[in-house]
Amino acid sequence: MCHLKQIINIRKLLALTKVQPKSVLYSTKCREKEVIISKSKNIFENLALEDWLYKNADLNNRNYLFMWRNTPAVVVGRHQNPWLECDVTSVLREKVDLARRNSGGGTVFHDEGNLNCCFLTTRKLYNRKSNLELVVDALTSNWDIDLSINKREDIVLNGLYKISGTAAKLGGERSYHHFTLLINVNKKKLHNLLQSPLIGVKTRATESVPSHIMNLQDVNEDINYENLTHVISDKFLENDLVKRKEFVNPTEDSYPGYNIILNELKTFKWIYAKTPNFKISRAFRIEIDSKIIHTEIEIEIQKGLIYNIEFSLKPNNMDLTNIVNRFKDVPYDTTELLPILDVLENENNDAIYKWFLRCIKQTLNV
Amino acid sequence: MASTVLRRLGLRYIKCRVSVFNVETRSEKYTRNFVTTSRVLAGRLFTEKHEWINVSDGVGTVGISEYAQDKLGEVVYVQLPETGIDVEANGEAGCLESVKAASEIYSPVSGSITEINQVLANTPNLINDSPYEKGWLFKIKLSQPDELKSLMDEDRYKKFTESQD
């Protein structure tokens, strides 16, 4: 009898332990899931669609995983200074897109060897760790690779090399967490472009933390964009019966209001003028006609425009205010600055004048 | 001539009022230092998005709650609205960045921004260290004071945050 009672108790216990995980599963199961993969390879179009989803998707009922890749682009964080995070002149010369995203965090370089994953959900369910774990799980269950998540919430390969950079945007009720996954990114280009030639910058903008990086293909050649998106989608939809997965073209017709977001993302006002105000200070000296000449220049950039240029010249034997006044309120943009510098260069043949102009040019790095 | 004098007088009058106002706010700050934390929170009203507002003479001081700063982690950058602009209740009024996340700030009420906390530009972590005092974000002249009725007092907010965890 006693024996029987014990068995019943054990059964009760077993039943209890069974019920709990079921209910937990149920609570995650009842939220719908959808995978969206963009067919566009344009960074602005994909960031616009991401922002559209953040603003309009049915996040109260559904979790979204949005994935894409794009042609070469440097993407700075919401409160960063592009002039300080990358070589703006080289970026534009090499026809690489320069974009600012809405989320925080540091600057990343994308090309077609990079997968972008964006998890959209409510603010309450926002959980970066679980998203990263899902991706690590998807990868390690398909390929024999050593992946872990570090303190900064980066995915690291072999315990050391970063293969992913994380960032997030949080609203009152909505959120997204997105990150890059390096499959086969052009590392040389990445290093070259993410190096600013600017010297002497004083800024309060958030600065990136440089890391050692590695490509997934360095450890397993089989991994590519197609199979990676496939295994991550499968993992995301694992417990979902409907398995919604769509390949989309971001257009105004499919996503009303999309064009407004897209156009805004491409403006000088968003990409450059959003930069927190900053100053560039440099000192130069030269010997002209066996006299040492010394100048200190401080250029203040506000909302992407040259707000003020302060300078000292020793010995002070030339009026150079005419030069600095010509830059007032000119956008900090090579295409706007070079014509002005050309005009100024032809206005005076004096050696000190020409040298000072070169100093301005070097300070601005144009 | 007369009009210049008047204008000058008027200007002086305004300056005078401004300085008196400054003295008032300053003395208010000094007295605040002596009250206990619970008294400090007494006048504050809270939103479900974790902003607080403390209104005096039609102008509200806005910040984020202790609970919110704790959830965000160390704030590294603060983007505040420009003074003079109008914002709506629950409308975006800036952004905080912490541990790679950009979090929107929402205004608890409608009105126009009269002042922003300039100190935060260089020391954004005041929001973490002193969310109810030195870490205030902006001041707003209320256009619809009735909106305050829909906000939570400290007790209700406390219960609300407990239900969130």
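A salt bridge is here a side-chain nitrogen of Lys or Arg within 4 Å of a carboxyl oxygen of Asp or Glu. The model is predicted, so local features need pLDDT of at least 70 and side-chain atom pairs count only at pLDDT 80 or more, while totals for chains, interfaces and linings use all residues. Residues are numbered from 1 along each chain as its sequence is written, chains are lettered from A in the order in which they are written, and side-chain values use heavy atoms, with hydrogens and water left out.

**The interface.** Display chains A and B together. Contact (heavy atoms within 4.5 Å) joins 28 residues of chain A to 18 residues of chain B. Next, select His79(A), Leu170(A) and Arg204(A), which supply 31% of the area that chain A buries against chain B, more than any other three residues. Buried area is the accessible area (1.4 Å probe) that two parts lose on being put together, summed over both.

**The salt bridges.** Four salt bridges cross the interface of chain A and chain B. Select Glu104(B) and Lys169(A): this pair forms a salt bridge, with the closest N and O atoms 2.1 Å apart.

**The sheet.** Turn to chain B, where six strands form an open antiparallel sheet in the order β1-β2-β3-β9-β8-β5. Strands (E, at least two residues) are DSSP runs, numbered from the N terminus, and two strands pair if DSSP finds at least two bridges between them. β1 (45-46) and β5 (86-87) of chain B stand at the edges with a single partner strand each, so one side of each has no neighbour in the sheet. Finally, select Ile113(B), which stands opposite Ile140(B) in β9(B).

How values were computed
Helix = DSSP H or I, 4+ residues; strand = E, 2+ residues; numbered from the N terminus.
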